[in-house]
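This briefing concerns the structure shown below.

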Amino acid sequence: MTDLLPEKILTLPREQAEQEFNQLSISSQAMMALMAPWEKRQELMILSTHFPELVRAMPVEELFWTIKATGPEDCLPIISAASFEQLQFIMDLDWWEKDHFRLDRASAWLLLLFESGEETVNAWLNTLLKKDPVLIPALMRHFIDVQKRPDDMEIEEAKDLLHPFTIDNSYYIAFTNDKLQALWARVIMKLLELSPGFYRDCMETILTETRTECVETAWKLRCGRLADLGIPDYFSSLDIYAPVPPEDARHPESEPVSNMGTDTGEMPAFVPTLYISDFPALRASIQRLADTPHMARIIREWTGVANKIIMADRVDLDDPDIMKKALSKTAALLNLGIETTEEARGTESPEKLLVDIVLEDLVRAAVWRLSGIRTRARGIAIDAGFELIPDEYHDQFKALNNHFPEIWNSRSHETTSFSSMEQVNQAEKMLDELEAWKKTMEHLKPRWDRWKESIAWEDTNFLSWAEFNWRHGLATAAANFMLDNAAVVVPVPDARLGELRDLMASDAGQKTAERMAEEIEKIAAIDSEIANLIVQKATVPMKEELLSCRKDEKPDGRFISSFLVETAPAVRTAVD
């Protein structure tokens with residue numbers, strides 16, 4: 001039974017699935033549900049004969065993501081069974097955008113609460129009036145305007161002079177949103193039914209306090225509740241990206257304890273081990289530490305790191321795919337932090353690093369390792385922009401210049417987080433090459449910042465300077481070097497393409513390319529291996545294009561794309 005997976009249970013006939021699932025304890029059912037994709041969890045959980053207890057045993061953040069992935073309107077069973085703390089956590093995240101209400105979202109949730117049943121609404125409001133009496137009036141004042149009948153005004157007179165809606169002949173209300181009038185009328189009547197005193201306090205708060213004061217108080221209480229669950233606000237989250245060298249990493253203060261969840265208590269707030277499949281150092285460490293007392297602290301700290309990344313990156317909580325990417329980023333940076341620190345310290349094992357170092361500082365060690373990459377990438381971008389970068393580097397170079405450096409996945413056509421030293425080393429190798437390109441191009445005339453005005457583009461095969469990059473420039477210089485022993489970026493005359501083709505096909509052409517690489521090595525002061533590499537990257541496409549033409553025909557410059565060709569008579573600007 002322990003080997004039965006969620007996807008297997010969901011394929012069984014309903015009766016058999018219920019029987020198999022209910023052989024598990026509630027804690028085991030929760031772990032089984034957590035192994036399922038977010039959008040499949042409710043389907044699995046609802047098999048439990050102890051469904052309410054199972055819902056309340058679920059990690060609060062995982063429950064939030066389950067509802068988001070499934071769709072709140074399709075999760076009424078979970079909403080009906082959730083505890084006040086779980087519901088309020090969801091609302092605290094979903095109702096607010098920075099320090100102001102998302103009014104449409106809050107109204108939608110209130111509708112869902114009423115749809116889930118009177119008991120759910122009553123339980124939530126009864127607990128709310130004890131724990132946060134400010135939230136409802138702070139929200140409600142965006143939808144209603146309140147007038148109070150003076151003591152000396154008759155009820156009949158009030159009906160003519162004050163707002164049209166009242167349920168107690170004391171407070172008269174006008175609804176500011178016609179579409180939501182029925183919802184808020186229902187909320188107001190429910191408040192009076194549950195607690196006349198709370199209803200009166202809400203009305204008086206709306207009358208006597210400014211909207212700013214009311215919302216500010218509600219915001220502070222909301223931040224306090226989230227902070228108690230380890231979820232910081234945006235500004236407090238930013239320190240997760242403060243670089244920390246591995247030697248400055250802190251040691252945990254607390255002693256290891258074992259409280260990983262029981263049949264009677266809640267699971268941890270977040271189960272990070274579900275998101276580590278692609279990160280070998282991290283996965284191996286967790287597997288070795290799985291049944292040790294250290295795991296309670298590791299999961300607690302991992303939760304804090306994930307929350308900070310989600311808040312600092314302003315992750316769209318309505319998009320499950322983006323949320324999964326944020327959780328994957330957390331694991332990726334921890335994996336990179338382990339490898340970075342392991343390399344810096346030498347002999348320590350990955351699991352020892354998880355035990356001995358605060359997880360936030362492992363992430364900051366990864367940030368420290370990546371900070372140099374972004375500085376180098378940004379320096380090239382400031383000098384040359386993105387348009388001049390050769391095509392084979394372009395996507396990865398842009399990813400390195402993101403607000404936080406990332407790697408480009410050419411298969412999925414999206415960026416992902418750095419997760420290993422191998423990826424870091426590859427990025428640094430690419431930057432070595434680009435810096436060599438930059439140094440080389442700085443010594444070729446005209447310099448790239450003069451290409452636009454120094455070349456008659458309308459008389460060339462490129463037509464526009466915006467299509468021209470460093471590889472084209474170096475290939476053009478190489479072509480001129482082979483023809484005239486002058487490495488300059490000026491169009492090659494169309495009439496000389498046959499001559500250039502013959503040179504490229506001969507040993508002399510190869511030797512000339514090697515000689516140019518030697519010249520570049522000297523004038524740009526770059527490594528000989530890289531000098532040869534960038535010359536090859538420039539000249540190989542040129543050679544392939546020219547040699548693809550028939551020997552008895554002259555190459556047509558209009559169809560050349562690897563270097564600059566003068567396709568019509570033009571007066572070339574003299575090279576300084």
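Is Cys223 buried or exposed? Cys223 is buried, because its relative accessible area is 18%, and buried means under 20%. The model discussed here is predicted.

**Cysteines**

- The structure contains 0 disulfides. Cys214 takes part in none, and the nearest cysteine sulfur to its own, that of Cys202, is 8.8 Å away.
- A disulfide requires a pair of cysteine sulfur atoms within 2.5 Å. The sulfur of Cys223 is 15 Å from the closest cysteine sulfur, in Cys214, and is therefore too far away for a bond.
- Cys214 has 0% relative accessibility and so counts as buried.

**Buried positions elsewhere**

- Ser116 is located in the loop between helix H9 (103–115) and helix H10 (118–131). Its relative accessibility is 14%, so this serine counts as buried.
- When residues up to four places away in sequence are not counted, Ser116 touches Leu76, Ile79 and Ser80.
- Helix H8 (residues 84–94) is mostly covered, with 10 of its 11 residues buried. Among them are the charged residues Asp92 and Asp94, together with Phe84, Leu87, Phe89, Ile90, Met91 and Leu93, which count as nonpolar.
- Gln86 and Gln88 are also among the buried residues of H8.

**Packing of H23 and H25**

- Helix H23 (residues 421–442) packs against helix H25 (residues 470–484) at an angle of about 50°, and their axes are 11 Å apart. H23 is therefore oblique to H25.
- The two helices, H23 and H25, cross in a left-handed manner.
- On the H23 side, the contact involves Leu434, Trp437, Lys438, Thr440 and Met441. These residues meet Trp470, Arg471, Gly473 and Leu474 of H25.
- By class, the residues of the contact between H23 and H25 comprise 5 nonpolar, 2 polar and 2 charged.

**Backbone geometry in loops**

- The peptide bond from Lys445 to Pro446 is cis, and its omega is near -10°. Pro446 lies in the loop that runs between H23 and helix H24 (451–454).
- Lys98 has a phi near 55°, a positive value in a residue other than glycine. Lys98 belongs to the loop between strand E1 (96–97) and strand E2 (100–101).
- His413 likewise has a positive phi, near 55°, and is not a glycine. The loop that holds His413 lies between strand E5 (406–409) and strand E6 (414–417).
- His413 counts as exposed because its relative accessibility is 58%, where exposed means over 50%.

How values were computed: Residues are numbered from 1 along each chain as its sequence is written. This is a predicted model: local features need pLDDT of at least 70, side-chain atom pairs count only at pLDDT 80 or more; totals for chains, interfaces and linings use all residues. Side-chain values use heavy atoms; hydrogens and water are left out. Buried means under 20% relative accessible area, exposed over 50%, partly exposed in between (1.4 Å probe, protein chains only). Helices (H or I, at least four residues) and strands (E, at least two) are DSSP runs, numbered from the N terminus. Contact means heavy atoms within 4.5 Å. Axes are lines fitted to C-alpha atoms, for helices over the stretch in contact, and angles run from 0 to 180 degrees between N-to-C directions. Angles under 35 degrees count as roughly parallel, over 145 as roughly antiparallel, 65 to 115 as roughly perpendicular and the rest as oblique. A crossing is left-handed if the near helix is turned anticlockwise from the far one by less than a right angle, and right-handed if clockwise.
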